[in-house]
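Hello,

Below is the structure I said I would pass on. My notes follow it.

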Amino acid sequence: MKRQLVRLQEKIEGYGKENLTEMLHSVVEGIRTVTGRERVRAYLEDLTRGSLTCSYAAGPFASEVREVTFPIISRSAMVSSVFASQYATEFRDTLGHGPAQDREFCSRFNIASSYLIPVTSYGKSIGVVCIDQDQPGEVLGAREKSLLNEFVTGIADRIDHARIYHQQLLLARRVDEYKKREAAGFMVRSAVRLIDRLTLASVLVPSHHSSQGALEILASYSEDVEMKALYDQQGAIDLQKGKSLISQYVRDDGVISDDRLLRPIFIADLTQHTLQKRALTEQMALRSLYVVPRYEPATRKVICLVNYFTREVYRFSDFEMGLLQTHAEMVERAIHEIGGEHLEIKVLAEITHLLQQRNEGLHSFLTKVLSKATELIGADTGSIAIVEEREGGKWLVVEDEQGSIVGAKNKEWLKKYIPPFRIGGHELPAEERSLTGYVAWSKQPKIISHVEEEQQGAQFHRSMNELIKSEMAVPIICDDEVIAVVCLNSLSPNYFTEEHKQILQIIDRLTARHISDIQRIDRLQSEVTRLQTDVAYKDPQISSYRLGNIIGNSRKAQEIVDFINTVSVPLFNRIALWSKNVLREATIGLPSILVLGETGSGKEFFFNNLYNKLNEMYRDEINPTGELPVKKTNIAAYSGELTYSELFGHKKGAFTGAYSDRKGILEEAHGGIVFLDEIGDADPKTQVQLLRFLDNGGFIRLGDNQDRFSRVLVVAATNRNLMDEISKGNFREDLYHRLSELSVKVPSLNERHEDIPDLATHFLGKLYRTYWSKDDSRETQPVLTEEAKRVLVAHSYKGNIRELRSILLRAIFFRKGKFIDEDDIERAIEYDMLKSPPEGATQLLTSQIAGNILEKIAEGHDFWQAVYEPYSQNAISRDVVRLVVEKSRNIAGRSMPQIARHLKAISGDVNGDEEERKRFFRFKNFLYKTVKI
């Protein structure tokens with residue numbers, strides 16, 4: 001029980017000042033954990049009201065209990081007494097012996113006994129927690145009291161911090177309300193003086209306190225003080241059909257339903273209208289009325305109605321009506337521009353402060369943004385959904401199928417699970433429509449005042465909780481692309497206003513670029529993570545790992561380790577100079593390494609281990625929480641201008657499809673390291689520019705004429721004999737000498753036979769983890785027999801590491817049991833050498849692997865992890881890639897962009913996003929030129 005309380009205390013400490021309700025919910029959860037009681041009340045000091053206000057209530061009558069406040073200082077109330085004394089108190093018979101004020105309260109809510117705990121922070125009372133039961137007698141035992149007193153004391157400071165912030169916002173709202181009334185009051189006073197015959201003027205605005213729909217009086221004025229008082233006594237105008245004169249024109253959600261009110265209306269004689277309040281015509285003797293509406297043109301939602309009354313029948317002249325219409329427009333502007341100013345300044349200050357903080361990731365930042373938005377606007381709950389490409393279309397995702405939150409949501413007890421919503425408008429079937437999906441599709445904010453009406457009409461609402469009565473959503477747009485949607489919900493109908501919408505739009509404008517940048521950083525981080533996973537896996541059965549996970553029994557493998565250890569320190573010293581902007585080394589050119597080796601020998605694996613070593617040094621000496629910038633590309637995947645653009649970038653319009661400026665990877669990786677695979681395939685223009693870049697770090701983007709500079713370590717790899725290529729005129733000799741200042745040859749597998757047993761065990765473990773369920777235990781992992789290892793050692797490898805992996809993959813799929821013996825290996829080798837494979841084995845293996853790949857993509861992997869990398873490592877065949885593409889075509893559609901999105905090779909619009917377009921070209925080149933589909 002103590003451990004559970006500690007966890008809840010840590011949870012409360014993790015909340016921000018905006019999360020008062022979540023904190024109190026966790027307090028109640030702790031009380032339930034200790035006592036099993038359901039009836040709990042939490043009162044907090046509220047100096048804006050001058051009372052102890054019920055901020056949270058659980059159990060029977062919860063909503064009614066929250067409406068009742070207690071005095072801060074009073075002897076006739078238990079809550080007040082405990083607040084003042086700071087002593088926990090138990091009342092075992094509240095109905096018979098409780099203070100006077102409490103007997104009525106307890107009788108009304110059937111509370112027979114209570115235990116009250118004071119909440120104090122730094123010696124000052126800030127509130128009281130009450131634990132109730134409906135039977136007289138002892139409420140809690142001594143141990144329970146001790147645990148709860150300690151628990152409440154431990155979280156009091158956090159609650160006080162949130163309480164003060166919450167009340168500051170309440171005060172800001174009341175200041176804005178006061179300023180609105182003052183501004184409107186000033187304007188109606190001027191109206192009565194504007195035209196002699198005017199007797200009374202008033203401003204009506206939609207009420208947010210009535211569940212039935214009403215227009216409340218924001219301000220009124222008459223030279224006759226008694227007339228003004230009598231008018232104000234009439235209260236709000238009921239908008240239910242048939243209840244008032246205005247209800248003929250305005251629905252109960254504040255939307256104008258009769259086109260006649262889209263223009264000012266003149267009512268010559270109020271006595272002729274039976275729906276008009278009788279007091280106006282009888283006691284106040286008002287006769288003529290001129291109503292000027294101000295509303296949102298797109299939605300017809302009333303902003304305000306300005307009423308101009310006369311005491312006798314009077315027809316306003318055209319000049320006077322024009323004057324009053326201009327006056328009403330000024331009333332609207334006064335309400336909007338003056339009334340909402342204080343809260344908008346608060347929003348600007350809060351979000352600006354948040355943007356200045358260090359945020360750990362997208363989810364953390366979105367959670368803080370959502371908490372602030374919900375609290376600033378006073379919504380009951382909310383969520384932020386991220387735009388993702390799924391199943392050939394765009395979806396909004398708050399949490400994935402496993403329940404992990406990728407966007408943000410608060411008050412999870414009101415929104416327990418939010419499924420993905422398809423983005424779209426009226427073309428979607430009714431069951432697939434949602435408010436957030438519509439907002440992302442239209443790129444426009446939208447308010448639903450009454451959820452029930454929306455469900456019966458356009459149906460752009462998907463209910464996450466039947467208690468939700470109104471909602472509002474605003475798109476977060478960066479570079480004209482919707483990247484997320486904020487949705488807020490209220491348990492009250494008709495809660496959200498145009499001002500609330502403006503506040504969310506301010507938050508959108510302030511945070512959109514930051515959110516987009518975090519997403520880009522997260523994508524870069526995932527690239528580093530994928531790179532590091534290649535050197536992270538270590539099989540516990542192997543003891544010969546060297547430097548990361550290079551297996552080094554052989555002399556050749558040890559030479560690779562020695563090379564990395566030898567060059568890492570001086571190379572890092574050079575990189576450190578870049579981070580300090582030391583320019584003295586600029587004249588000696590940039591460092592480079594040329595990695596040579598046969599296809600499949602592990603050249604990229606060498607790079608990954610080198611990078612990992614340098615990155616560790618970077619974290620130790622430069623930035624403990626950062627990553628050494630890294631970029632990787634395969635020169636053979638591009639041709640001509642695309643190769644140049646990939647390395648050096650391009651200017652908008654440089655070639656067909658260059659819709660915007662973009663940086664090349666050599667510029668993006670400034671201060672870090674770049675891996676250029678298949679450098680022997682570089683075209684002549686790229687070779688010339690690369691030579692110049694290595695000499696002084698300078699380059700020019702394609703289609704541009706501006707000199708730019710970058711500092712990177714270039715690691716280039718090739719399986720070609722570059723001396724032969726030089727003699728044929730395909731590769732520049734000066735570039736070869738520049739690249740090969742530091743050169744290393746990765747040995748073929750046939751040169752390191754003594755490493756094969758450990759390599760086989762290592763790759764067997766990785767393959768098993770990749771293709772089999774996470775639920776499978778290590779005991780079920782297949783094991784190579786000694787005879788199988790001897791067969792692998794004796795084999796002559798043409799494809800090196802890739803061939804070894806392919807043999808092991810076939811063996812693991814078609815093994816007879818846990819152990820993989822020599823027969824399994826020999827069959828796998830024969831299959832590889834196209835000697836008589838088992839009947840139907842080819843189709844079965846291809847289908848199984850393709851199916852596994854598609855499952856992995858559905859679970860969250862992307863094309864580059866699940867297809868590109870395994871194919872590049874010779875772990876899957878062309879037939880597998882072809883089948884994956886064919887299955888995707890059957891599901892997603894025949895166009896290449898549809899297939900690319902389904903396989904998660906791209907995630908956005910190839911026509912609007914330069915990075916997406918680049919990935920799409922790379923995807924097509926891989927399929928057309930490499931796999932030759």
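What is the strand order of the open sheet of six strands, and is the pairing parallel or antiparallel? The order is β3-β2-β1-β6-β5-β4, and the pairing is antiparallel.

Before the rest, the conventions. This is a predicted model, in which local features need pLDDT of at least 70 and side-chain atom pairs count only at pLDDT 80 or more, while totals for chains, interfaces and linings use all residues. Residues are numbered from 1 along each chain as its sequence is written, and side-chain values use heavy atoms, with hydrogens and water left out. Helices (H or I, at least four residues) and strands (E, at least two) are DSSP runs, numbered from the N terminus. Two strands pair if DSSP finds at least two bridges between them.

The antiparallel sheet

The edge strands of the six-stranded sheet are β3 (70–71) and β4 (89–91), each pairing on one side only. β4 is joined to β5 (residues 113–121) by three bridges, and Thr89 has Leu116 as its bridge partner in β5. Helix α4 (residues 78–85) packs on this sheet, and its direction makes about 140° with that of β6 (124–133). Such angles run from 0 to 180 degrees between N-to-C directions, with axes fitted to C-alpha atoms, for helices over the stretch in contact; contact means heavy atoms within 4.5 Å.

The parallel sheet

A second topic is the open sheet of five strands, ordered β23-β26-β29-β22-β30 with parallel pairing. Its edge strands are β23 (630–634) and β30 (742–745). Neighbouring strands of this sheet are turned by 15° against each other on average, direction ignored. Five bridges hold the pairing of β23 with β26 (residues 673–677), and Val630 has Ile673 as its partner there. Helix α17 (residues 603–621) lies across the strands β22, β23, β26, β29 and β30, at about 180° to β26.

Salt bridges

With a salt bridge taken as a side-chain nitrogen of Lys or Arg within 4 Å of a carboxyl oxygen of Asp or Glu, the count is 45. In one of them, Lys372 meets Glu18 at 2.4 Å, N to O. Lys372 is in helix α12 and Glu18 in the loop between α1 and α2, 354 residues apart. Lys372 counts as buried because its relative accessibility is 3%, and Glu18 is buried too, at 9% (buried is under 20% relative accessible area, exposed over 50%, partly exposed in between; 1.4 Å probe, protein chains only).

Lys556 and Glu751 form another, at 3.8 Å. Lys556 lies in helix α16 and Glu751 in the loop between β30 and α23, so this pair ties together parts 195 residues apart in sequence.

Regards
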